[in-house]
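The sequence and structure come first.

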Amino acid sequence: MSSVTDLQEWFEDSNEALSISLVSPTSSGVTTVATFHPRFTYSIFGDDEKIFGYKDLKIALRFRASDMRPHLRHTYSKKLKPSPGVEEPVDVVAVLDEGHHLPKVAFVKASDFEDSSIQLGDDWHPPGELEATINDGNDRYEIWRGSLQDGAVKQLNNRVQILVPLFIEGGSYIGQDQESSSSDVSIPDADRWTAFFLYKTQQSAEDAEKKSYVFVGYSTVYRFFYLQPTSPSKSPRGDWELPKGDLDMAELPCRTRLSQFVILPPFQGRGNGHRLYKTIFDHYQRHHQTFEFTVENPSESFDDLRDICDLAFLRAVPEFRALRLDQSVSIPKFGTVPSLIVGEETLEDVRKKVKIAPRQFARVLEMYLMSQLPRSVQPNLDLDEVLPQPTKADQHQARLWKLIVKQRLYRHNKDALSQIEPSERIEKLRETLTGVELEYARILAAFARAMGHAGQSQAGSNGKRKLEEADGDGTGKRARRGDA
């Protein structure tokens, strides 16, 4: 019997073994546009992200760059012939097929995939409606929007769903029932799901009126019914009944939640995350049924993208820009803290106007107010920077800002803080505040770099801002917890 040590050489790293390619058709077959590896494969090949039974295993997952039709093939130099009592090598195709990670069309012969690519018409365009066209120098982008009720939109979404667990930690598929053995993707609430697809385009050399498409990334958005509280005078009477018949979700007030967000690795760091997020955000700013726009448990990198985009948006809103620290306030030693912001009575109205969730709005407001502090007291990451000596007025502004942040932190963590001694409570708040200061300083520095780059490139980009620094890894987490 083979020892455990002997078998170690038959384990392959699944993240390295799996390569993903975008390919485009040519007259003789297909040509590779880009190749990259996944970040995670544990949801497919197990927590250890290892594949047993092969040497030099190569799993090639190719996507047609336009309609993202997939094709899978794998090769290896050796396959283990196990002794009695040793497990069989992992059946790679069975794992991906029976686990419903890819549609059935991914498992056809390579010649069928390549032949169909050659035959794909040059008049193809993404499904749904064209939401935005973006010119950035010589680069051209289009963002298409469609409901998962649309069969073509649903098909494209099904083809790219495998990218979610491969690039979003904890990501899961839309419509997948983990307990079901069926490969059918059932989405009973498809009318609540909207997909946004980002493509890079290129004009055809033969026909100026035609263009080719390369998939860059996508996002999915879900709409919840938004229950608006009514005043007592408008409360329904005891004999009130729900309306009969089906209700059109599209006509009801809703809370819109961004669920999945993926920018493919070859296109990260180029402002594409900003392009997609901003287009989605702008769409729901115009969407009359949306009362609040949220994000489902974002990753840290997506948080940065969101913060910078939201800050850029809010700084252009006059009512938000008018908010500032009230330097005339005297902070009492005891009792209730007075209002610390000029215009604080308008905060909720401004928040509702811009449709940003309360916690996110409060954080971006804190960043904005911190950016208005004098340099002498403004937190920053440059320990070697020579700062001017703070005046008493400067120190007073800094204290006002810190109180605003501490108030939010206390409200957010009230239950936990109420269980510890007051002295320890004060120290915990101080420690957390220091972390917030460093985080905001980092984000504001990235924001300043992004805005500076935007100013340099606007002449060649039709006024579209480039936020490369805000892109992070271009992924947002599909979550099981609450909104932010």
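Is D304 buried, partly exposed or exposed? I looked up its relative accessibility, which is 21%, so D304 counts as partly exposed; buried means under 20% relative accessible area, exposed over 50%, and partly exposed in between (1.4 Å probe, protein chains only).

Entry on provenance. I note that this is a predicted model, in which local features need pLDDT of at least 70 and side-chain atom pairs count only at pLDDT 80 or more, while totals for chains, interfaces and linings use all residues. Residues are numbered from 1 along each chain as its sequence is written, and side-chain values use heavy atoms, with hydrogens and water left out.

Entry on salt bridges. I took a salt bridge to be a side-chain nitrogen of Lys or Arg within 4 Å of a carboxyl oxygen of Asp or Glu. Under that criterion I find 24 salt bridges in the structure.

I then examined D304 and R442, whose side chains meet in a salt bridge at 2.8 Å, N to O. D304 belongs to helix α9 (residues 300–314) and R442 to helix α15 (residues 422–457), so the pair ties together parts that are 138 residues apart in sequence. Helices (H or I, at least four residues) and strands (E, at least two) are DSSP runs, numbered from the N terminus. For R442 I read a relative accessible area of 37%, which makes R442 partly exposed.

Next I checked E385 and R375, a salt bridge in which the closest N and O atoms are 2.9 Å apart. Both residues sit in the loop between α12 (358–371) and α13 (392–412), 10 residues apart. E385 is partly exposed at a relative accessible area of 30%, and R375 is partly exposed at 37%.

Are D67 and R64 buried or exposed? I find that D67 is buried, and R64 is buried too. The two form a salt bridge, with 2.7 Å between the closest N and O atoms.

I also recorded a network of salt bridges that links E129, E131, R145 and R286.

Entry on T35. I located T35 in strand β3 (residues 29–36), and its relative accessibility of 47% makes T35 partly exposed. Which residues does T35 contact, leaving aside neighbours within four places in sequence? I list S19, I20 and S21, where contact means heavy atoms within 4.5 Å. The C-alpha atoms of T35 and I20 are separated by 5.6 Å, although the residues are 15 apart along the chain. Between the side chains of T35 and S21 I note a polar contact at 3.1 Å; the term denotes a pair of N or O atoms within 3.5 Å, where within protein one must be able to donate a hydrogen and the other to accept it, and residues adjacent in sequence count only if both atoms are side-chain atoms.
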